Amino acid sequence: MAKLPPFPGTTGRRDWRTAFDAIRKLLSNGDDTTQVFRIMRALNVGNAPMNYARFIATEEGGRMAYERIELAQRFTDQAFVASFAPGTVGAAYRHFLETTGYSADGLAEISKINREEDMPHPYAWFGRRVRDTHDIWHVLTGYQADESLGEAALVAFSYAQVGGLGWAFIGGAAALKSLKVTGNTLFAKAVWEGYRNGRKAKWISGEDYLKLLHEPIDAARARLNIVTPTAYLRAQRELGAEMASYLSAPKTGKPVAEPERIAA
């Protein structure tokens, strides 16, 4: 595979000071999504050219890179989101948006702390593509988005799929902290399973999402080799809602536990 030049303006060195400051804040408040993007910028050195080279080497990647469609714009178009037939990936994504209140443009706005996000550069475009399909990965994998367990498992899945030390750093930290908070290994095992399932699955970043959204969801999962996350479902069931979301505040707005009591 061709070796591409680094992201313009980057030093090639990881910023561990920023990464540790951000993970400390994220582990105190799992809803502080800004810290995720700080960690990605600090640790995902060399990740952009690696994934972009892999993308344009796929059968459809060159065409999609040439077209350079901004998926966040499509995913915030209500008519587009309403167009998917029942039982499809797109219908499941629509249900996800309706039930969680999340949106593609909301995630895009948070990510703008990284100046590279909006650069007119192929790497930046591909990075936005990965960012804007994060919630579709939730839908495909079955990892719940509004709980710590589901996010940590998907982070591990993402590390297996696209690399980037930032993903591993977040998933590993959440799993390690869970051993103390939950008093067992269920959470950590679910995170490890997420990594293993990500390794087994087809490279989802190479998919044409505008076609994938119209595909029946069960058929899409089978084609992409996305398997049922049994360890995750067991952990979710046995830990219960409070411990499965130990990093995040519940919907009542009350914290699950005082930050100083669950600090890593």
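Author: Of the chain's 264 residues, 48% count as buried, where buried means under 20% relative accessible area, exposed means over 50%, and partly exposed lies in between (1.4 Å probe, protein chains only). Please keep in mind that this is a predicted model, in which local features need pLDDT of at least 70 and side-chain atom pairs count only at pLDDT 80 or more, while totals for chains, interfaces and linings use all residues. Numbering starts from 1 along each chain as its sequence is written, and side-chain values use heavy atoms, with hydrogens and water left out.

The chain has 17 helices and 0 strands; these are DSSP runs numbered from the N terminus, with helices (H or I) of at least four residues and strands (E) of at least two. Among contacts (heavy atoms within 4.5 Å) with a separation of 6 or more, 73% join residues 24 or more positions apart.

Now to the loop. Glu147 sits between helix H10 (134-141) and helix H11 (148-162). With a relative accessible area of 4%, Glu147 is buried. What does Glu147 touch, leaving out residues up to four places away in sequence? Its partners there are Tyr232, Gln236, Ala244 and Ser245. The Glu147 side chain also reaches the backbone nitrogen of Gly150, at 3.2 Å. That is a polar contact, a pair of N or O atoms within 3.5 Å; within protein, one must be able to donate a hydrogen and the other to accept it, and residues adjacent in sequence count only if both atoms are side-chain atoms.

Asp146 belongs to the loop between H10 and H11 too. Asp146 counts as partly exposed because its relative accessibility is 28%. Its side chain and that of Gln144 are joined by a polar contact of 2.7 Å. Asp31 is 115 residues away from Asp146 along the chain, yet their C-alpha atoms are separated by 8.9 Å.

For context, here are some other loops. Most residues other than glycine have a negative phi. Arg68, in the loop between helix H4 (61-67) and helix H5 (71-75), has a positive phi, near 50 degrees. Asn225 is not a glycine either, and its phi is positive at about 60 degrees. Asn225 lies between helix H15 (217-224) and helix H16 (230-244), and is partly exposed because its relative accessible area is 37%.
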